[in-house]
Amino acid sequence: TQLDTLDLVVLVALFVGTVAYFTKGTYWSKPHDPYGGSLAHANGLKAGKSRNFIEKMDESGKNCIVFYGSQTGTAEDYASRLAKEGAARFGLKTMVADLEDYDFENLDQYPEDKIVFFVLATYGEGEPTDNAVEFYEFVSNEDVTFSNGAAAEEKPLSNLNFVAFGLGNNTYEHYNSMVRNLNTFFERLGGNRIGEAGEGDDGAGTMEEDFLAWKEPMWTALAAHMNLEEREAVYEPVFDVVDMPNMDAEEDTVYLGEPNKYHLEGVQKGPHNAHNPYIAPIAESKELFSADDRNCLHMEIDVAGSGISYTTGDHIAIWPTNAGKEVERLLRVLGLEPKRHSVIKVSGLDPTAKVPFPSPTTYDAVVRYHMEICAPVSRQMVSTLAAFSPTDEIKAEMTKMGEDKDYFHAKVADLNVNLAQLLEILSNGAPWDKVPFSLMIEGLHKIQPRYYSISSSSVVQPGKIAITAIVESIERPGAPHIVKGVTTNYLLALKQKQHGDPNPDPHGLKYALTGPRNKYDGVHVPVHVRHSNFKLPSDPKKPIIMVGPGTGVAPFRAFVQERAAQAEKGEEVGRTILFYGCRRRQEDFLYEKEWETHKETLGDKFHCHVAFSREGPNKVYVQHKVQEYADEINTLLEQKAYFYVCGDAASMAREVNALLIKIIAEKRGVSEAKAEEIVKSMRASNQYQEDVW
Ligand code: FAD
């Protein structure tokens with residue numbers, strides 16, 4: 001039979017889809033959006049635009065490009081700040097650029113009188129951020145070639161001058177490996193670094209201060225190298241924010257929080273990714289703790305029919321909405337409350353400036369859906385805002401806070417306040433109406449989706465994704481406000497709506513739960529899935545050992561669920577050992593009943609060892625339980641058991657790693673150094689996997 005046109009279209013689409021899937025691997029970082037309207041593409045590059053950054057710089061008269069590799073927005077923020085500062089203080093013609101928007105074969109053609117910055121975050125186990133995957137493949141290639149075909153020995157990059165800063169976390173083994181590898185790459189090929197390669201450490205909590213301390217000597221070196229003269233920095237807005245009095249917020253071209261054009265038009269169209277969420281119904285939600293003062297949510301998110309698929313061990317990203325209370329506070333303190341629903345159009349004053357949200361829109365929508373308004377305040381932001389203080393007294397105070405690190409810590413950081421809370425305290429509620437809105441767009445991060453380790457098995461429930469999330473609520477003695485986690489309190493409010501609780505939050509957070517134009521009505525939340533390498537062995541007979549205290553147990557609920565389902569189908573399943581920890585059995589023992597049910601199915605194959613930290617006279621943690629079962633763990637590891645750790649990166653995961661080295665040394669009678677090597681090689685071969693945050 002002949003294929004008709006529709007069949008052909010479907011076949012071609014299937015073929016293209018399959019090829020795309022296998023060539024792009026697990027990363028869907030670059031959606032080609034026919035509308036050119038996704039969040040990242042809203043006002044910047046459109047499909048089909050040149051990927052030649054040198055050409056782009058020439059067209060727009062730039063002599064400095066600041067590339068960022070960013071996962072949570074911090075690297076992107078630092079890149080913008082460097083670009084602004086370079087322009088304001090040294091008259092550089094700067095532009096900020098996303099690594100995924102350009103190719104790098106022409107690095108060897110980069111003019112000697114220009115400068116290129118790289119601000120690179122290292123993610124997880126030394127991995128590149130999603131937007132830096134291709135760039136990283138390029139620079140990691142031993143046989144990299146450039147446009148003029150010169151070999152590495154000929155030092156093809158000897159004309160290239162670069163600046164580098166890395167964002168990392170010293171609790172991970174591959175600390176700041178992105179920037180370190182970049183440095184090695186340039187050294188090998190002859191690139192000329194200006195200043196030190198900076199390293200910021202999130203693990204020590206000093207990222208911002210590391211950045212501030214690094215950039216001053218870097219600017220001095222750069223100014224000397226490029227013969228730049230420093231001038232007094234005056235604030236120049238990056239964005240043009242224009243009131244549109246003739247437009248009404250209800251007009252259907254106005255974005256009221258919709259992330260892209262599909263959403264504006266009410267079309268749910270895949271692929272769903274970091275630029276394009278799926279508005280998913282929450283099928284079920286419940287409280288897991290029985291404590292009065294702490295909440296932990298279990299939610300089942302329905303993705304059936306969305307085209308979203310996941311495999312056990314993946315992460316789901318939840319797109320939050322800011323709490324009404326904080327939205328109102330910021331609008332009030334900026335004096336924008338009266339015109340919060342007026343329509344504005346926002347565009348870059350420079351063709352290379354990307355507006356981080358689609359417009360026309362309203363102040364309310366920008367603040368509620370697109371800006372990270374609750375995060376800790378940066379010292380540099382305080383410095384920049386000083387000039388727009390409502391009085392000279394406040395200006396002097398802001399200037400001092402900006403200049404004096406210790407004073408800033410005592411007066412701002414230690415109080416756990418967000419920006420609006422700080423401004424409100426300083427001015428006693430008087431409006432800061434001289435602050436340009438552009439400065440808010442530049443100075444506050446774009447809101448980030450938060451990731452959750454999926455706590456259901458894709459084999460058991462492919463269309464429904466479970467999460468296990470602890471609700472963040474941090475009270476600090478002496479601090480004027482309770483820090484309420486942005487996403488988890490939003491989820492808590494959704495759960496309360498689902499259960500008909502009439503009085504959601506005792507602190508009056510109040511969320512716009514029905515979303516822009518009621519598009520989230522019912523109980524819906526915007527999501528996308530991020531694939532991970534945290535995976536069960538393909539052979540279910542292989543033994544597994546899992547260490548996951550607190551919400552670190554999330555992916556292990558999925559692992560055990562999957563193994564129980566396999567056993568029920570008559571498959572042979574290997575030993576499945578879980579080390580779990582919580583405070584008290586009666587209070588926060590997650591999924592206790594489920595473990596019992598799985599024990600009935602899996603019998604001797606499954607053991608759940610629980611450490612209670614607040615039950616007995618001594619605090620017992622998972623590490624103690626791991627030590628207690630050291631013999632069995634060592635034997636299983638010798639039988640090639642997989643070893644998994646999930647949860648707190650800062651201390652638990654590190655301690656478990658050290659403990660495992662000790663156990664192997666003891667039980668196998670080898671030196672600690674040898675045991676460390678064994679653990680390293682377990683990691684390299686995926687026998688040891690971590691999912692930590
Ligand atoms: P946020 O608003 O992001 O705040 C987080 C913290 O930042 C606060 O608790 C506070 O310590 C600090 N903070 C925020 N604002 C301020 C301020 N103004 N001043 C001072 N400090 C402040 N979590 C889970 O519960 N379960 C999981 O399964 C899970 N899996 C994860 C998997 C991955 C790969 C990653 C990266 C993270 C995972 N997380 C998980 C953590 C989760 O992504 C969120 O970070 C967490 O839920 C908090 O989000 P939030 O928006 O509620 O809090």
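I looked up the packing of H11 on H13 in this predicted model: helix H11 (residues 392–403) and helix H13 (residues 419–427) pack at an angle of about 135°, with their axes 10 Å apart, and are therefore oblique to each other. Oblique is what remains once angles under 35 degrees (roughly parallel), over 145 (roughly antiparallel) and 65 to 115 (roughly perpendicular) are set aside; axes are lines fitted to C-alpha atoms over the stretch in contact, with angles running from 0 to 180 degrees between N-to-C directions. Helices are DSSP runs of H or I with at least four residues, numbered from the N terminus.

I then listed the contact (heavy atoms within 4.5 Å): Ile394, Glu397, Met398 and Met401 in H11 meet Leu423, Leu426 and Ser427 in H13.

Among polar contacts (pairs of N or O atoms within 3.5 Å), I recorded a ligand oxygen 2.7 Å from a side-chain N or O atom of tyrosine 452, and another entry places a backbone N or O atom of isoleucine 470 at 3.0 Å from a ligand oxygen.

On conventions, I number residues from 1 along each chain as its sequence is written, and side-chain values use heavy atoms, without hydrogens and water. Local features need pLDDT of at least 70 and side-chain atom pairs count only at pLDDT 80 or more, whereas totals for chains, interfaces and linings use all residues.

Technical notes: A polar contact is a pair of N or O atoms within 3.5 Å; within protein, one must be able to donate a hydrogen and the other to accept it, and residues adjacent in sequence count only if both atoms are side-chain atoms. Helices (H or I, at least four residues) and strands (E, at least two) are DSSP runs, numbered from the N terminus.
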